[in-house]
Amino acid sequence: MSAPQPASVLVIGGGPAGYTLVDQLGLRGYRGELTLVDPLGLPMDRPPLSKEFLRGAMSEEELRFREAEWFEERSITVIGSGVEEIAGVRLAEDAAGWEAFLLNGQRLVAEVVVLATGVAPAGAVPEGALSERVITQLYTVHDAARLRRALAPGTRLSIIGGGLVGAEAASVALGYGAEVTLVNPSDPAAVRSFGAVAAERLHALHAERGVRVETGRVARIEQPGGVGAAGAAGAEPSLLPVDAVGRADAGAGAGAGEAAGAGDGAVLGVGVVAGGEGQAVAPLRVVLEDGRSWGADYALYATGAVPRDDLARDAGAAVAALEDGGGVLVDASGRASLPNLWAVGDVARGVDADGAPLPLHAHWEAAMHSAEDAAAALMGQFPEERGARWFWSDRHGEHVEVVGHPGEVAGGRTVLRSDARGARGVFSVGAGGELLGAVTFDDARLARAARRLIDRGAPVDAEALADPEVSARDLVRPPRRD
Amino acid sequence: MAQIVDVAGVGEIPEGEAVVVDGSANETGRDIAVFHAETGEFFALDDECTHETASLADGWIEGDRVECPLHATEFCLRTGKVLCLPATESARTHKVEVVDGRVLLHPGESVEGADRP
Ligand SMILES: Cc1cc2nc3c(=O)[nH]c(=O)nc-3n(C[C@H](O)[C@H](O)[C@H](O)COP(=O)(O)OP(=O)(O)OC[C@H]3O[C@@H](n4cnc5c(N)ncnc54)[C@H](O)[C@@H]3O)c2cc1C
Ligand code: FES
């Protein structure tokens, strides 16, 4: 208990990781100065932005972990809700601590700086993105509120990127009666997150539920009306037909020789309801690299995210190469390579025994756990043992959970569990018969059982896994035989 | 004193399982989950998670904790204390006793040491 505490801690970023860090420091008896900076204001949760909040089932207040008084009561200074972004950090001259510079010119000093800056959208947002109708990320309340306002029966929404966030947004948009097109470079999407078998099933759900699914890369988004269109778009006048949606879609289908499902009329039959221009001109045109294109009222970019590691990079701390996905390199407790600099949550990246960056795993629980572990270490306490990792995603009414490392492995096998309602779980069993990962559908106990089986590391009974008659609890705790 | 609800016989709720006493069948008006912990003890909490809409009775019961089936917040079955995010509010407890092999629930009567009395 008497381990020395830092005199002052500055937490940069108020997502789940930043919030958990300040909360945990307090719970662990921290008595020093504690400041959290986030231009977005009070610490806020993110997953509901593509789920409950987008659906209109959750308010902005409910996204906040705590109200202002909670922080005041604990003497935690929260700076934010405007331009108070941290523009840079550097070790103070005497190396006794850090200086941080806010965009508004303010300077903060602290013994310890914890980076909890999360992620930024991956890839350059292409031309046309200046339009009000193109939502370039789904990351803030503002983004989600814009998308929510756009969603109405008949709204033609094109979602670029079929990963976790894009897929969730697509299913919520359908609920509003929107005409949704989802474009992803690969079919299925998100194999890395789910493994091929589960990814296939999840991607196929989109079309089953009425999303038009396209495979390809978006080259640009054009605005036939020209409003706010980026300059370069003018270089391709032939691709800017001020055209009816119908013709464009027919062209899209024919040009690509797509299998049934593409250009199958989901969009063809829709009259334009947005904009009120009084004619069937789509305000946007989504153009793929292969030349196919179609009209849309709105477009959402959900093309993934990369760690926002520039503060550490600029300060000279070790970070993973950008080609490798980036991220502030940290030890198991979150210590970066410079003294008194820490990183937690999505911006941080652990390393293996050889110091090579571990695969990125930007999910909610991991962010929270990393902050808990860092808080423990900052207080001279021991972190908790962590078992198999977990994340969830909600799409088309299904609660999907992923534990451990799903996917197919050499020498291993994939075990499926289905019941009368359909697939319940896809299990990845390693060469030694041990469970490596699982994806479950609407079966919380199955996910939790799988997590415990993975942690045990012992060979599993594949027959029992596949048998829906064997309850999740019995998978973990075999029934007593008498 | 609230009206006591005779929930079930001890043997009718397997260890690691829970049953829900409907809001219409108890004076609090809220659904109450009655848990049979692996320790053999019985506990009761408001069934709805304090985070969003999920039934804690469907959660994973281990030791004296229950993990929410939706986003995995854990609650202490003894005190209702919330143990991790995303929920930040503890669950309301209700006293349970076992008398003559029957599980008796005291709706609205929080247990001693409850985190949210
Ligand atoms: C729409 C959406 C849905 C998701 N759904 C799920 C899900 O279903 N399941 C799941 O497991 N995970 C989900 N995730 C991922 C999960 O939300 C993240 O893993 C988690 O938010 C990471 O927390 P963090 O605190 O590390 O970073 P973030 O939540 O990204 O927060 C970082 C914060 O830092 C601030 N910041 C950045 N730079 C600066 C700076 N220079 N100065 C000051 N502040 C700065 C930002 O404003 C931001 O508030 C979802 C993410 C999104 C965006
Ligand atoms: S509903 Fe229980 S943790 Fe979210």
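**Exercises on a ligand shell and a buried leucine**

In this predicted model, the shell around ligand 1 comprises 19 nonpolar, nine polar and seven charged residues.

**Exercise 1.** Describe the surroundings of ligand 1 and identify which residues are closest.

*Solution.* Step 1: the ligand is surrounded by 35 residues, and the closest are Asp38(A), Arg46(A), Lys51(A), Tyr139(A) and Asp346(A).

Step 2: consider polar contacts, for which the cut-off is 3.5 Å between N or O atoms. A polar backbone atom of Ile86(A) lies 2.8 Å from a nitrogen atom of ligand 1. For a polar backbone atom of Trp392(A), the distance to a nitrogen atom of the ligand is 2.9 Å. Arg308(A) contributes a polar side-chain atom, 3.2 Å from a nitrogen atom of ligand 1.

Step 3: on its own, ligand 1 has 1000 Å² of accessible area, of which the protein covers 94%.

Step 4: the elements of chain A that supply two or more residues to the shell are α1 (16-27), β2 (33-38), α6 (164-175), α11 (364-378) and β21 (390-395). The largest share, three residues, is given by α1(A).

**Exercise 2.** Determine whether Leu63(A) is buried or exposed, and list its contacts beyond four places in sequence.

*Solution.* Step 1: locate the residue; Leu63(A) belongs to helix α3 (residues 60-63) of chain A.

Step 2: buried means under 20% relative accessible area. Leu63(A) has 1% relative accessibility and therefore counts as buried.

Step 3: beyond four places in sequence, Leu63(A) touches Pro43(A), Met44(A), Asp45(A), Pro48(A), Leu49(A), Phe53(A), Met58(A) and Val141(A).

Step 4: compare sequence with space. Leu42(A) and Leu63(A) are 21 residues apart in sequence, and their C-alpha atoms are 9.8 Å apart.

Notes
Residues are numbered from 1 along each chain as its sequence is written. Chains are lettered from A and ligands numbered from 1 in the order in which they are written. This is a predicted model: local features need pLDDT of at least 70, side-chain atom pairs count only at pLDDT 80 or more; totals for chains, interfaces and linings use all residues. Side-chain values use heavy atoms; hydrogens and water are left out. A residue is near a molecule or strand if one of its heavy atoms lies within 4 Å of it. A polar contact is a pair of N or O atoms within 3.5 Å; within protein, one must be able to donate a hydrogen and the other to accept it, and residues adjacent in sequence count only if both atoms are side-chain atoms. Accessible areas come from the Shrake-Rupley method with a 1.4 Å probe; for residues, only the protein chains shown count as cover. Helices (H or I, at least four residues) and strands (E, at least two) are DSSP runs, numbered from the N terminus. Ala, Val, Leu, Ile, Met, Phe, Trp, Tyr, Cys and Pro count as nonpolar, Asp, Glu, Lys and Arg as charged, and the others, Gly among them, as polar. Buried means under 20% relative accessible area, exposed over 50%, partly exposed in between (1.4 Å probe, protein chains only). Contact means heavy atoms within 4.5 Å.
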